[in-house]
Structures are given as structure tokens and as C-alpha cells.
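Please look over the structure shown here before reading on. The report that follows takes up a few of its parts in turn.

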Amino acid sequence: MKRTMIEWRTIVRKIEGTADQADDRAFEEWIAGSASHRIYYMKARARFRRMTPEPMEAGELDGLVARFDADVRRRMRGRSRRLVMYRAAAILLVPLVVSSLVFYFQGGVAGRSQAAERLAGISVDPGSSKASIVMADGTVFELDGMGDMVYRSAAAGTVLTKKAGMISFSGDDRTKVRQEKEHVSTIRIPRGGEYSLELSDGTKVWLNSKTTLKFPERFVGDTRTVELDGEAYFEVSRDAGRPFIVKTPGSQVRVLGTKFNVSAYSDEAVQHTTLCEGAVSVAVSGQELLLAPGQQAYMGRDGQAVVRQVDAALFASWHQGLLQFEDETLENIVGKLSKWYDADIVFASEPLKNLHFTGDLKRYDNLETILGLIRETCNIGFEVRERTLYITCR
């Protein structure tokens, strides 16, 4: 299993040559997890040795990290914005490894409670299972306000079953319907919501906040086609004779049976498809990109599509209750938080958007906890007023 976090204490002991066996194991797992980790360690070691030639005394780490971050910012000032963004991506200039570093700075659980105390005015709960579905016959269900149920669609010859926060479609044995056309339903997930469903072919889909999926209640013909606007994780049931196709605002994903994540919001310039298992082809911008596990088809703001090697878990773990990110900008991170916590975001200054972070957080923590962890690692402040989050310099 790849390690995505490491304590600064461990990094410093490696630099000083005082690491024990436990440190060595943690360090080797972390350094093997990503090439960017090795680059970051090399840069940190060079900078730290210049700033502190002698071994540190207890309690000096706070000042050392502060000097390191100040040195990074000083080196970055005066360069073009394009170069700043390139260097931030290239050498992993992260101000934290979120969960572990917070505990070290503040002395464990006490630090976490202090952060919570200072953010006591922020109380925004995480998202939950929320969705509405419009059936092909026009019937509408608000799923988050309903108990378990069974609904039979006579036209499509299918049964909708809602049980334990999930819906599924299956054939109705009571009806003998010969389908010549598909009957399309639409499920919508609001901001602050999520939902999962099982399609009639056995494919499982997890839908993230602010997402719409259109799908046939029963698939007809030689393909299985759905339309997505938003983010979803798919576990596609294998059917060699009928490819599964996901149409998005900017691409088309074609698979037989596999696990992958698609993020394709129509109001966002960046879209990507990330493969966890199997194989997929992605048709985008006039190209056909073939992906292997651990690869991503990425379409940037310029509309160009490329294949990138990534840690697929960073893009798919949301459906398992985690928020994971590596060398990601604060702008991208709070963009995800905005959808999940149903809160608007306002930055006090543009440079704040380009701070880079790495860490693992729990998706179902309230916003106060998430912001407290981030705030204790760098010089930024947060304020929430009427579900708008204001991010400022402290």
C-alpha cells in the first residue's frame, strides 16, 4: 500500500542521520509512493542543511519549517506566474503533509482541539445521501426523504428498488414487455449530496455532489450508454457483446468491464477520466486515448487531452469516504469542499489559491475539523457567513 503522508519529524531525522528502524520503514514506504516525494525530500534536505547546519534541539521544528516555507516563498517572488506554477508542480512545494504535520506542530490531540476552539464559529456539516430521480414515465421521487420502496415501471418492464440508501433497477418478471426503445431516467445529486445506484445490467455507480446521470431503465441494443455531467465512480459489469459508454460534456468513455472514475462538470474547464482496473478508451478532442490502470486522460483548460500516470486512489477514494490530495492547489481543494459541504468560496487574494497541499482527510468530518487541520499548517484564516467560506491571510 502506498504511503501518502509522513511526519516532518521523520524527514528531519533522516536529514540528520538519527532515524531509527521505524522511521526508515515509514520513509521508504513514503519515498516509494511517488517520484514527487523523492524530489521534495531532496529539496528539503538541501534547504534544511543550509538553514540549520547543527542538529536541532527539541522544539525547534516549528521555526525550521517556518524558515523553510519563508525561503520557498522568497525564491518564488519576482518570477513570472507561469514559472511559479511550473515550479510548484515540479518540486512539490507543499506547506504540509496534512494529518501528520498538524499533530506534530501542535503536540498531538491537544493541537487539534485548539484548532477546533479557534474555529468554533464554523459549523457546516458534511454532505449526505441526497438525490431526486425522474423516471421515464414522468414519476418523480425525492429519494432522501423516502423509506425503502419498490416501484414498477410498466412501460420499461423494470422494477426500481430503494433499500438502505441505494437504488437498483432490474427486470420485472410480472410483465412481458418487448422493448424496442430505451426508457431513460434521470437522477440528480445536489450540492452537499451523494448517492449510489445499480443499473439493470449490474453496473454499480457512485455519484458525487452536483452530478446528473441519465440512463436507460433497461439497456436495449448493442451498447450500454449513459450520460454524465459531474463526477461518478463506475464498476462496470462485464458484457463482451455490449460495450459500456459514458458520454460527458467533453468526452466519451468506452469500456467492457472495469473500474474507473470520471470527473466531467460542464461548468468546469478541467475534466479527467482515471482508470483503476481493466482498460478503457477515451474519445476527446478528436483523439482516442487508451488507458491502462493508474493512468488518466486529462483535458486541461486549453482543451488539449493528454495521458498522465497518476495514483488512481487520489481520484477515486471519495466514494470510500476519503478526501485525498497530492501537491494540489488550495483552489482545487476548496472547490471540492464547496460541492460536498454546499458552501460558496471567496478568496481574499489570488496567491492564496496557489498554495499546494498533500494529505488524507475524512470526507464525513464537519467543515470545522477540515479547516482546522489546514489552518494549523500555514498562515491562512477562514470565516463562514451564511454558507459562504471566506479565505484570508492571517
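## The largest cavity

The lining of the largest cavity is made up of eight nonpolar and seven polar residues, with no charged residues at all. These values come from a predicted model rather than from an experiment. The space inside the largest cavity comes to about 90 Å³, and the structure holds two cavities of 30 Å³ or more.

There are 15 residues in the lining of the largest cavity, and S251, Q271, H272, T273 and A297 are the closest of them to its centre. Four strands, namely β14 (259-264), β15 (271-277), β16 (280-284) and β18 (295-299), each contribute at least two residues to this lining.

## A sheet of three strands

Elsewhere in the predicted model, an open sheet is formed by three strands in the order β21-β24-β23, and the pairing within the sheet is mixed. The strands β21 (344-347) and β23 (380-385) stand at the edges and have a single partner strand each, so that one side of each is left without a neighbour in the sheet. On average, and with direction ignored, neighbouring strands of this sheet are turned by 20 degrees against each other.

Strands of a sheet pair through backbone hydrogen bonds, and they may do so in parallel or antiparallel fashion. Here β23 and β24 (residues 388-393) run antiparallel and are joined by six bridges. As one example of this pairing, G381 has T392 of β24 as its bridge partner.

## Helices on the sheet

Helix α9, which spans residues 330-341, packs on the sheet and touches β21, β23 and β24, while its direction makes about 155 degrees with that of β21. A further helix, α11 (residues 367-375), lies across β23 and β24 and runs at about 160 degrees to β23.

Which residues make the contact between α1 and α2? On the side of α1 they are T10, I11, R13 and K14, and on the side of α2 they are D23, D24, F27 and W30. Sorted by class, the residues of the contact of α1 with α2 comprise three nonpolar, one polar and four charged.

Methods:
Residues are numbered from 1 along each chain as its sequence is written. This is a predicted model: local features need pLDDT of at least 70, side-chain atom pairs count only at pLDDT 80 or more; totals for chains, interfaces and linings use all residues. Side-chain values use heavy atoms; hydrogens and water are left out. Two strands pair if DSSP finds at least two bridges between them. Axes are lines fitted to C-alpha atoms, for helices over the stretch in contact, and angles run from 0 to 180 degrees between N-to-C directions. Contact means heavy atoms within 4.5 Å. Ala, Val, Leu, Ile, Met, Phe, Trp, Tyr, Cys and Pro count as nonpolar, Asp, Glu, Lys and Arg as charged, and the others, Gly among them, as polar. On a 1 Å grid over the protein atoms alone, a cavity is a set of points where a 1.4 Å probe fits but cannot get out, and a pocket is an open set with protein on both sides within 12 Å along at least five of seven lines; lining residues have an atom within 4 Å of a point. Grid points are joined across faces, edges and corners, and a volume is the space filled by probe spheres set on the points.
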